[in-house]
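Please walk me through this structure, one region at a time.

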Amino acid sequence: MWAEPPRDGTLSAEVAGWTRRTRFELLRRLPLAFATHHPQGMTLAAGRVFLTTVEVLDPPAPLPGADGDTSRRSPGRGRGHVLVIEPDGTLAADILVGEGDAYHPSGIDHTGGLLWVPVGEYRSHSRSLVYTLDPVTLELVERFDVDDHITWLVSSPGGGELYGASWGSRRLYRWALKEAADGGLVPGEPEAWDNPSWHLDFQEAQFDGGGRLICAGISELPDAHGGVFELGGVAVVHFDERRIAADVPVPLFSAAGHSVFRNPFVLTRHGEDVVLLVAPDDGDEPCGTEILAYRVSQPAEPAPRVGNLRKLA
């Protein structure tokens, strides 16, 4: 089983050193031989993999005059799932999440304690329900709702703060959590700021200590032939300083032709190696959903060229 990520800032420092020459060596493919639908978020906890996924029964459809506005479309119909997966790829549990039009679970992360799961409507500028899931007992509790589509949610160690983002991570949030009179957890007013970068729409994130988040995602760009190219990449977001501290494209693709950062990812360590875990493909695509594990390394710097020098007058 892959180890849970450290939260000491070393992984964001690694990402800050990535370039377009960074190497990704495929170490393992873990096929998932059960219904996985459209994966959204992934994390490691209690010796298992937790994968959120949306099962779309009736796709949302644009409303008249929407003109690309993703908030102006029908809610559609579906079911949200949290899949609990054993290290050998077998399914341990399938937990249904959501209610009514809120059936789209999103990005998740586990830093100890409870796992926070946002489940939103499948349209921007809508609403989300926020649940906690105990990774050991698998007890699911609805905690609060948010007047926005939350596309990922991560907590600080100890659970005192939650970080999240709107549809496409156009707006970034942080909530301080307080204990309610009934013993539950409630958020204060969010601290929020607009994402200054249009390079990527972050689909997933993980906490890396000191207000730093590692975020990954894609931008769907038109190509020269009328198709769509998925530009994938990863960034370091320094929330306290309200800036993108590092941002690099990653030209790495799955069996179905998707950017590996299409949705779920976990960046972690295995011994001395930095390991990237992703699950970019849907269950109904040619190879189904696979968890792909890559070793990440930097190429050796070329030796300086030594030759005849000509003195310039």
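S12 is buried, with a relative accessible area of 4%; here buried means under 20%, exposed over 50%, and partly exposed in between, using a 1.4 Å probe and protein chains only. You will find S12 in helix α1, residues 10–16. Helices (H or I, at least four residues) and strands (E, at least two) are DSSP runs, numbered from the N terminus. The side chain of S12 makes a polar contact with the side chain of D208, at 2.7 Å. A polar contact is a pair of N or O atoms within 3.5 Å; within protein, one must be able to donate a hydrogen and the other to accept it, and residues adjacent in sequence count only if both atoms are side-chain atoms.

A word on the source: this is a predicted model, where local features need pLDDT of at least 70 and side-chain atom pairs count only at pLDDT 80 or more, while totals for chains, interfaces and linings use all residues. Residues are numbered from 1 along each chain as its sequence is written, and side-chain values use heavy atoms, with hydrogens and water left out.

Now look at strand β4, residues 77–85. Seven of its nine residues are buried, so β4 is largely enclosed by the rest of the structure. Strands of a sheet pair through backbone hydrogen bonds, either parallel or antiparallel. Two strands count as paired if DSSP finds at least two bridges between them. Nine bridges join β4 to the antiparallel strand β3, residues 48–58, and T52 stands opposite V82 in β4. With β5 (residues 91–97), β4 pairs in the antiparallel sense over six bridges, and here L83 faces D94 in β5. β4 and β5 form a hairpin with five residues between them, and G89 in the turn has a positive phi of about 90 degrees.

Another region is an open sheet of four strands, in the order β15-β16-β17-β18, with antiparallel pairing. β15 and β18 stand at the edges with a single partner strand each, so one side of each is left without a neighbour in the sheet. Between β17 (residues 228–238) and β18 there are six bridges, and V237 stands opposite I244 in β18.

Which strands each supply at least two residues of the lining of the largest pocket? They are β2 (38–45), β15 (201–207) and β16 (212–222). The largest share, four residues, comes from β16.
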